[in-house]
Amino acid sequence: MESKNKTIRNVSWIVFNYLRISRDKYYHIIMDEERTGKLREIKDEIVNLKDSPLYEERVRDRVFPVIGEGNHDAKIMFVGEAPGKNEAETGRPFCGAAGRVLDELLAHINLPRKEVYVTNIVKDRPPENRDPLPEEILIYGPFLDRQVSIIQPKVIATLGRFSMKYIMERYGLGLAVQSISKIHGHKFETEVSYGKLVIVPLYHPATALYTPSIKEELKRDFEVLGKLVREK
Ligand code: URA
């Protein structure tokens, strides 16, 4: 009798867990579809963003806006500045020389690029790769905010000083902003609408192309990042 009861308890436990896992998987699929739908809406709005000072140039040059790419359920999001030539020609973020440095840094910490989400503040290419202008950050920034609230990353790694300033100010860390040479690789914790968020400012990968010593600093900062993502 006792062994029969034990078998019933074991079978019930297996069935209960099977149903729980199936339910979680089902919710996950629904959530993924919802996220993808909302991200697609952002894409459509940016494609038709005629108010952007960069819109006409994009249409004239027959290039693409660069919305973002990667895991819609990523724990970590990388935010660069604006697309360069290769990115505008393909519509993919960080696919040129700076992207190769980013790939190398991700490989250094065994973090597959398909697990992270990569985007920029400004979604269209500024002419001649100049720095983004305040009015460009103003018009594209709200799209980045929406991407963050859809993906809900636990960590945002900013690439370069423009995204460092934008993201830190946007998420209540404006007073902690300093020169990137002082705060790169530091972890800044903040509270956002969906929970805790850690922001880690990093040098822009392109700087490693001109200053090799920066590559070593970036590698050390990525090690911090790798540890953080594995804890989350
Ligand atoms: N630099 C950036 O900031 N973003 C890109 O996508 C490529 C280069």
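I looked up Val-192 at the end of the sheet and found that it stands opposite Gly-195 in strand E6. I noted that E5 and E6 (residues 195–202) pair in the antiparallel sense over 5 bridges, where two strands count as paired if DSSP finds at least two bridges between them, and where strands (E, at least two residues) and helices (H or I, at least four) are DSSP runs numbered from the N terminus.

Before going on, I recorded that this is a predicted model, in which local features need pLDDT of at least 70 and side-chain atom pairs count only at pLDDT 80 or more, while totals for chains, interfaces and linings use all residues. Residues are numbered from 1 along each chain as its sequence is written.

**The sheet.** I traced 6 strands forming an open sheet in the order E1-E3-E2-E4-E6-E5, with mixed pairing. Strand E1 (69–70) and strand E5 (188–192) stand at the edges, each with a single partner strand, so one side of each is left without a neighbour in the sheet.

**Strand E3.** I followed E3 on both sides: 2 bridges join E1 to E3 and these run antiparallel, whereas strand E2 (residues 76–80) pairs with E3 in the parallel sense over 4 bridges. Val-118 in E3 is the bridge partner of Glu-69, and Val-118 is also the bridge partner of Phe-78. Within E3 (residues 117–120), Tyr-117 and Thr-119 point one way and Val-118 and Asn-120 the other, and all are buried, that is, 20 or more other C-beta atoms, placed from the backbone, lie within 10 Å of their own.

**The ligand.** I listed the residues around the ligand, and Asn-120 is one of them, together with Val-66, Gly-80, Glu-81, Ala-82, Pro-83, Gly-84, Glu-87, Pro-93, Phe-94, Ala-98 and Ala-206; the criterion is a C-beta atom, placed from the backbone, within 6 Å of the molecule. By class, this shell has 7 nonpolar, 3 polar and 2 charged residues, with Ala, Val, Leu, Ile, Met, Phe, Trp, Tyr, Cys and Pro counted as nonpolar, Asp, Glu, Lys and Arg as charged, and the others, Gly among them, as polar.

**Helix H4.** I then turned to H4 (residues 97–108), where Ala-98, Gly-99, Val-101, Leu-102 and Leu-105 are the buried residues. Seen down the axis of H4, they fall within an arc of 155 degrees, taken from the directions from the axis to the C-beta atoms, so they line one face of the helix. What covers them includes helix H8 (207–210) and helix H9 (212–231), by contacts in which C-beta atoms, placed from the backbone, lie within 7 Å. After H4 comes Asn-110, whose phi is positive, near 55 degrees.

Methods. Buried ≥ 20, exposed ≤ 12 C-beta atoms within 10 Å, placed from the backbone. Contact = placed C-beta atoms within 7 Å.
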